[in-house]
Amino acid sequence: MDLLNLTETDDTVEILPVDAKLSIQGPTADIRHLLQRVSAVAVDKEIIVGTSLTLLEATLGGAKTVPYLRATATDGEKTISVVADNVQVFMPGSAQIPAKRAASVLKVCPGKTTKIEAVGSEIIITSGRARWTIQGPKYENVLAIPSTGSAEQYAVNRLSFLEALQTVRKAVLNVSDRRSLMQIEVKDGHMTACDSNRVHRQIIKDFPPELEFAIPAKAVEEIAKALKETNDEIVQMSAKDFVFEIFVGDDSITCQQLTVAFPDVEYMIRNP
């Protein structure tokens, strides 16, 4: 395009500041869902550095992929990463924003589309005639996000896993001196939970018996929500070194397992 001979019919050229980090625009509803979804795990007051922030990553895409925006947040125990691909990426890059503040702004965005720009340490959100400037972190924090790395991923029937989870979650303890019971065991194709008075065990249809992990009580709600929101018949799961991951399409939930093992609940019930 000849910048010296622009006419009124030419496309508008946007020149971003030299310290710009990211610039995207997309449907307000999609971006709102994205930020609200990940902000659910972010904390208000940090104990672990970076856990009050959402990491935004904008990618242009390529020959086989479309442009997309990924949002990731963690509370140090569980991590949610969600993708929105119905966006325009004007400048690819990454930026960290206060998770709760950004989600609250998106709740009241008046326009059908919303634009997010990261310039320096500021995040500028524009929707319709409204504009917000949010102060981001002065220094980028490295989010300590666990991963199963190159561990094998197993195909799991979504509805079977969800059905078992909804059945046994009634028996899992959320607050207890017995920390070992604040989790759901997934082992030998079964899902088991116990509150020290009762045991709930459910067969997971077609579940790979070699895949074993334990779901912390704090992660149950987010996992159930993610499995309910998709129509995918199959999801992918992997586990390694006290970490397990669930991949739902382009989205993922990563959980740090408890360091205490799930007990022999049958023996415990018989010998309280």
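Sheet, helices and cores

Q: In what order do the five strands of the open sheet come?
A: The order is 5-1-7-8-9, and the pairing is antiparallel. Strands here are DSSP runs (E, at least two residues) and helices likewise (H or I, at least four), numbered from the N terminus. Two strands pair if DSSP finds at least two bridges between them.

Q: Which are the edge strands?
A: Strand 5 (88–91) and strand 9 (130–135), each of which pairs on one side only. From one strand to the next the twist averages 15°.

Q: Where do the model and the numbering come from?
A: The model is predicted: local features need pLDDT of at least 70, side-chain atom pairs count only at pLDDT 80 or more, and totals for chains, interfaces and linings use all residues. Residues are numbered from 1 along each chain as its sequence is written, and side-chain values use heavy atoms, with hydrogens and water left out.

Q: Back to strand 9. How many bridges pair it with strand 8?
A: Six, in the antiparallel sense; strand 8 covers residues 122–127. Isoleucine 124 has threonine 133 in strand 9 as its bridge partner.

Q: What does helix 2 touch on the sheet?
A: Helix 2 (residues 99–107) touches strand 7, strand 8 and strand 9, and its direction makes about 175° with that of strand 9. Axes are lines fitted to C-alpha atoms, for helices over the stretch in contact, and angles run from 0 to 180 degrees between N-to-C directions.

Q: Which residues in helix 2 are buried?
A: Ala99, Ala102, Ala103, Val105 and Leu106. Buried means under 20% relative accessible area, with a 1.4 Å probe and protein chains only.

Q: Why are they on the same side of helix 2?
A: Because they cover an arc of only 160° around the axis, the arc being that of the directions from the helix axis to the C-beta atoms.

Q: And what covers them?
A: The cover includes helix 1, strand 2 (53–59) and strand 6 (93–98), as well as strand 7, strand 8 and strand 9.

Q: New topic. Which residues touch the most other members in the largest nonpolar core?
A: Phe161, Ile215 and Ile223, out of 64 residues. Such a core is a set of buried Ala, Val, Leu, Ile, Met, Phe, Trp, Tyr and Cys residues joined through side-chain atoms within 4.5 Å.

Q: What else lies apart from that core?
A: Another core, of seven residues, including Leu173 and Cys194.

Q: How much of the protein is buried?
A: Buried residues make up 47% of the 272 residues.

Technical notes: Contact = heavy atoms within 4.5 Å. Buried < 20%, exposed > 50% of the residue type's maximum accessible area, 1.4 Å probe, protein only.
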